[in-house]
Amino acid sequence: MKRGTTVYLYELAWILPSFAIPVGMLVALVITAFGAGIHLPGNEGRIDPTKVAESAMFKTPGVIEIAPGQYEVRMTAQVWSFAPNEIRVPAGSTVHFWATSKDVVHGLLIPHANVNVMLLPGQIAHAQARFDTPGEYLIVCHEYCGIAHHTMAGRLVVEPRKTAEVAR
Amino acid sequence: MSPSENRLTAAFLAIALVALFGGVVTGLFQALEHAGVNVYPSTPVVKSYYHSLTLHGVLNVLVWTTFFICGFLPWITTRALGVPLASVGLGRFTFWLMTIGLVMAAIPLIGNAATVMFTFYPPLKAHWAFYVGLTLVVVGTWLVTLNLALTWRAWRRGNPGARTPLPAFMALVTFAMWTIASLGIAAEMLVMLIPWSLGLVGGTDPLLARTLFWFTGHPIVYFWLLPAYISWYTLAPRQAGGKLFSDPMARTSFILFLILSTPLGFHHQYTDPGIQQGWKLVHAFLTFAVFFPSLLTFFNVVASLESGARARGGKGWIAWFGKLPWGDPSLAAQVLAMLLFTFGGVGGLINASYNLNLVVHNTAWIVGHLHLTVGTAVTLTFMGITYWLVPHLRGRALWSRKLAVAQVWLWFVGMIIFSNTLHRLGLMGMPRRTMIGAASYVQPEWKALLPLVGIGGSVLFVSSMLYFLNLILTLVASRAPAPAVPGFAEALSGPDHAPAILDRWRPWIVLAFVLIAVAYGPTLVRLAVTTPFNAPGLRVW
């Protein structure tokens, strides 16, 4: 950092882009995060982890249609299962997941759908995603939760629009 | 360097290497399991995949790193300052305290009573001795900080106005940063986990525990990494036959690490409920800020290596790279570690990206990332350091330099296979920390790649066995005297070009605390006030 020396010029030539690169990346990040409507879990409130089954929110885990194309999943995680462990929605649906854990830390991961949230005992977790492509999605617990952690999984089936409507 | 200081360093190194051995053996088991070979029914001691994984994580990322650093940095500091360690007695006490702590933690760990991973998230509840033991290890690291600070003060009395020599400055920054950062884990242990595991309180809270854990859990990676940087900055340029490019730039980057390492732990909790998105975004910004000193390091270290290669006749923009002294296993290990760390750094930016993290969080991608950073940038560099440090401490030359060169290349190749495969599996949605060989939901696209995890892991295992073989033969069979240890590199732009304020402690430490208070204060206060501590503990392994 001695002005006028060759080393100083090289330092400067590196420091300026080193500053600009992370700043540029941050701008890209903020634009894509908020422009694309990516949703991160936030603070949705607490729940007594020993009384999940009695709570209004998680008394009856399952899927409900809250508006046309809008579904809400009330889900509990416990060693070593999800309830419900199978979810069916028609293509083009937006699914709001409300979930919590009854015992230890679990995770809710739906690969290729941007659903990735920790399920902590004591916390209500929220995630949402839109499912346009019909097919079967894996629901998997991605946090170590004991000796049979690798058996904890479920599936989300996105049905083609027509058959879903007929079935309903 | 007095014999008693050398013995202290050797003692820390011995424990570190024993831990690494246990870590790589269990690591092989993990890799084979993913490739479809379940060895656990026939292993003694190791009860399950998850028991093995906990041993692998604790031994490698907590014990190997910490004990190595607590042996290596005091050695570097006293050598750079040219004064003895302030108190060898305190050093010995520290060693025994940490070793007793380690044994306390190891008993339940080996006995399958602490199969909670190295992150020990409650309400998984380990035996209390596991938490107490690890806490004693952390307290030991604070005593190393104290000893280094006293050593520096003694040096300062004899050298008023002089710039702290760079290696000592960096070692002190590393321990100062770590001591601040470790307050989170200390609070988690003392206030939450220890009273709870002893049965003094009934419940715990996963979110507060995770928040305190990651307060320490991200800066701990800088605690592992900065000692590797110290070798890259102050020894590797000389080993390459060149000079450090810029001493002031090196100091600047370390001061930035001191300030910026801690207030960014929420990037490990982007997917946690209970923390507001706004604070997560603040931590994302700060994580990108800490990328800046990493870029400074990249430039400075590569420019220094280039000066060495050019002095050895290297030419061209890229071709000089071949002129580095590749026959020196210590330097080869470090340069290969740097190469892979470039990819680790890029992957780290993806993890830190507020939104992209949704694709990779808690998938095998993270395992791939961690093996490039702590598993290569740190571990391969530390291996390179032991290739001169162990001969020096033993007084005998390394048993075989050729074998050592082959070993570091094998690590490099094995890690490329292993880590690249895990990154890809993560992008395909394969979860981490999961006994994949026994999972019912293995996807066809994962199946095609899983054998490569076993192959990469096996190559790494062979490499580590060659490493241990070479070290053991150095201890027992080598006859030639040890060569001189690498000297500290001179700088093209020396310490006198650095602003004097870089050599002061108080402003930077105050600034570090201010940033922590801003980034963490509101959330920690809210959690402390509202947390009900009502989650009971469970043992489900």
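Trainee: Into which domains is chain A divided?
Mentor: Good place to start. This is a predicted model, in which local features need pLDDT of at least 70, side-chain atom pairs count only at pLDDT 80 or more, and totals for chains, interfaces and linings use all residues. Residues are numbered from 1 along each chain as its sequence is written, while chains are lettered from A and ligands numbered from 1 in the order in which they are written. With bounds from an automatic or database domain assignment, chain A is divided into domain 1 (1-38) and domain 2 (49-167).

Trainee: How far apart do the C-alpha centres of those two domains of chain A lie?
Mentor: Take domain 1 of chain A and domain 2 of chain A, and compare their C-alpha centres. The separation is 40 Å.

Trainee: Which element gives the largest share of the side of chain B that touches chain A?
Mentor: Contact here means that C-beta atoms, placed from the backbone, lie within 7 Å, and by that criterion 61 residues of chain B meet 56 residues of chain A. Elements are DSSP runs numbered from the N terminus: helices (H or I, at least four residues) and strands (E, at least two). Those giving two or more residues include helix H10 (247-260), strand E1 (244-246) and helix H11 (277-311) of chain B. The largest share, ten residues, comes from H11(B).

Trainee: And how far does H11(B) reach from its first C-alpha to its last?
Mentor: H11(B) has 35 residues, and Gly313(B), with a positive phi near 100°, follows it.

Trainee: At which residue does H6(B) bend?
Mentor: H6(B) covers residues 183-197 and reaches 20 Å, close to the 21 Å expected. A bend is the angle between axes fitted to the seven residues ending at a residue and the seven starting there. For H6(B) the angle is about 40°, at Met189(B).

Note on methods. Two residues are in contact if their C-beta atoms, placed from the backbone, lie within 7 Å. The expected span of a helix is 1.5 Å times one less than its number of residues.
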